[in-house]
Structures are given as C-alpha cells and as structure tokens.
Amino acid sequence: MIREYKEWLSDNWNHPSVVIWDANNETWDPTFGEKIIPAVRRLDLSDRPWENSYNPPQGPNDPVEDHLYEFRRWRMAVRLSA
C-alpha cells in the first residue's frame, strides 16, 4: 500500500485540483494512520491535510470524516415510535 500511495502522490501532487488527500473511504483500519499516512505524508511538500475516514485524524489540521446517514435507521425508528 505504501508503494501504491507513493505513486499516487507522485502522479498528483502538482495537480491544481488537489487540496486534500483522502487516504481511504468509509474504512475502520488503523493501518492507514499508523503506517501508511506517516510513510508518505512528507512527500507532499505542500503539506496538505489527510482525510483518514472513520479513523482518528493524524495531524492537527486533518479533517474528521462524519457520516450522518449512519444513524438514519436509528432516527427513523425514533420517529416511528413517537
């Protein structure tokens, strides 16, 4: 994965549309924050933030992914029971 992410960054780090790196999508896996992001983050000289899905942010300026739809069934159940 680290090799793949290095290639991904190298192919895209000068692209004007990249404002944030998204390490993964809707994933609970500490490997991204423990090994992958730290191994490749320094390659981006612009020091853009890294979004790390459901895992904790890895840097002070990294966003937190929030999916309100995860609670949709619960909200629907509450509405129906009221």
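Helix α1 passes α2 in a right-handed crossing (right-handed means the near helix is turned clockwise from the far one by less than a right angle, left-handed anticlockwise). This is a predicted model, where local features need pLDDT of at least 70 and side-chain atom pairs count only at pLDDT 80 or more, while totals for chains, interfaces and linings use all residues. Residues are numbered from 1 along each chain as its sequence is written, and side-chain values use heavy atoms, with hydrogens and water left out.

**The α1/α2 pair**

- The two axes, α1 and α2, cross at roughly 40 degrees and come within 9 Å (axes are lines fitted to C-alpha atoms, for helices over the stretch in contact, with angles from 0 to 180 degrees between N-to-C directions).
- That angle makes α1 oblique to α2 (under 35 degrees counts as roughly parallel, over 145 as roughly antiparallel, 65 to 115 as roughly perpendicular, and the rest as oblique).
- On the α1 side the contact is made by Ile2, Tyr5, Lys6 and Leu9, and on the α2 side by Phe32, Lys35, Ile36, Ala39 and Val40 (contact means heavy atoms within 4.5 Å).
- Sorted by class, this contact has 7 nonpolar residues, 2 charged ones and no polar ones (Ala, Val, Leu, Ile, Met, Phe, Trp, Tyr, Cys and Pro count as nonpolar, Asp, Glu, Lys and Arg as charged, and the others, Gly among them, as polar).
- As background, an α-helix has 3.6 residues a turn, so residues three or four places apart point the same way.
- Ile2 sits in helix α1 and, with a relative accessible area of 30%, is partly exposed (buried means under 20%, exposed over 50%, partly exposed in between, using a 1.4 Å probe and protein chains only).
- Setting aside neighbours within four places in sequence, Ile2 is in contact with Lys35, Ile36, Ala39 and Val40.
- The C-alpha atoms of Ile2 and Lys35 are separated by 8.2 Å, and the two residues are 33 apart along the chain.

**The whole chain**

- Going from the N terminus, the elements run α-β-α-β-α, giving 3 helices and 2 strands (these are DSSP runs numbered from the N terminus: helices are H or I with at least four residues, strands E with at least two).
- Of the 82 residues in the protein chain, 30% are buried.
- Take the contacts with a separation of 6 or more: 57% of these are between residues 24 or more positions apart.
- The accessible surface of the protein chain is about 6200 Å², and carbon and sulfur atoms account for 55% of that (Shrake-Rupley method, 1.4 Å probe; for residues, only the protein chains shown count as cover).

**What α2 buries**

- Helix α2 covers residues 31–40, and its buried residues are Phe32, Gly33, Ile36, Ile37, Ala39 and Val40.
- Those buried residues pack against α1 (2–12) and also against β2 (50–51).

- You'll find Asn52 in the loop between β2 and α3 (72–81).
- At 1% relative accessibility, Asn52 counts as buried.
- Not counting residues up to four places away in sequence, Asn52 touches Ala23, Asn24, Phe32, Gly33, Ile37 and Gln58.
- Asn52 and Val64 are 12 residues apart along the chain, with their C-alpha atoms separated by 7.3 Å.

**The loop from β1 to α2**

- Thr27 lies in the loop between β1 (21–22) and α2, and counts as partly exposed at 22% relative accessibility.
- Beyond residues up to four places away in sequence, Thr27 touches Phe32, Ser53, Tyr54 and Asn55.
- For Thr27 and Ser53, which are 26 residues apart along the chain, the C-alpha separation is 5.8 Å.
- Glu26 is found in the loop between β1 and α2 too, and its relative accessible area of 38% makes it partly exposed.
- Glu26 isn't a glycine, yet it has a positive phi of about 50 degrees.

**The loop from α2 to β2**

- Asp47, in the loop between α2 and β2, also has a positive phi in a residue other than glycine, near 55 degrees.
- At 56% relative accessibility, Asp47 counts as exposed.
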